[in-house]
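I opened this notebook to keep track of what I looked up, one place at a time. The entries follow the order in which I went through the model.

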Amino acid sequence: MALKHKPVRREEPLPDADVHSEGFRQTREARRSALVEDYVELIADLIEDGNEARQVDIAARLGVAQPTVAKMLTRLCADGLVSRKPYRGVFLTDSGRKVAEESRIRHQTVEAFLRSLGVSAETARIDAEGIEHHVSAETLEAFRKAMIAPR
């Protein structure tokens, strides 16, 4: 039996169209950059774990097919974020390392904040994977301040 819910009414009027569209623009941009950030962050993690970042390992960890990884690696090379060597792994350029580090810091901040709210470690890790790409610098700073504020 489906429960019927009363529609929730907006408490405030809609914002100006330009202001309103900015939120949607930022969301679209976050979606476009999320995949790139996920790849370079994973490549950095694989390298730091003492391994080469190989296409097969990237595919396994992201749960995608190797041709999908090959296509993205071509894009990342064109964007100057990674380099590849025949019969070797994938390597981050200086720009790629910077993107990976920024993404990792956002991820760690979001994950720590969720954990501070009582979210389980596993759920916080998974949720942070999505949130990290959409959170603003202002919100990240608020998360940091909330975590150090006395309770």
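Which residues does UniProt give for the feature "domain: HTH dtxR-type"? I began with this, keeping in mind that the model is predicted, and found that the UniProt record, an unreviewed entry, places the feature at residues 32–93. I then looked at the make-up of that stretch: over residues 32–93 the chain is 61% helix and 10% strand, and the C-alpha atoms at the ends are 20 Å apart.

Next I turned to Tyr-87, which I found in the loop between strand S1 (82–84) and strand S2 (90–92). I noted a positive phi of about 65 degrees there, although Tyr-87 is not a glycine.

I went on to the pair of helices H4 (residues 94–116) and H5 (121–131), whose axes come within 8 Å and cross at roughly 140 degrees. The crossing in which H4 passes H5 is right-handed. On the H4 side I listed residues in the contact including His-107, Val-110 and Leu-114, and on the H5 side Ala-124, Ala-128 and Ile-131 are among them.

Last, I looked up His-133, which lies in the loop between helix H5 and helix H6 (137–148). Is His-133 buried or exposed? I counted His-133 as buried because its relative accessibility is 9%, and buried means under 20%. I also saw that a polar atom of the His-133 side chain lies 3.2 Å from the backbone oxygen of Glu-129, and Glu-129 is one of the H5 residues that meet H4.

Definitions and conventions: Residues numbered from 1 in each chain as written. Predicted model: local features only at pLDDT ≥ 70, side-chain atom pairs only at ≥ 80, totals over all residues. Heavy atoms only, no water. Helix = DSSP H or I, 4+ residues; strand = E, 2+ residues; numbered from the N terminus. Buried < 20%, exposed > 50% of the residue type's maximum accessible area, 1.4 Å probe, protein only. Polar contact = N/O pair within 3.5 Å; in protein donor to acceptor, adjacent residues only side chain to side chain. UniProt positions renumbered as here; feature names shortened; annotations may be inferred. Axes fitted to C-alpha atoms, helices over the stretch in contact; angles between N-to-C directions. Left-handed = near helix turned anticlockwise from the far one by under 90°. Contact = heavy atoms within 4.5 Å.
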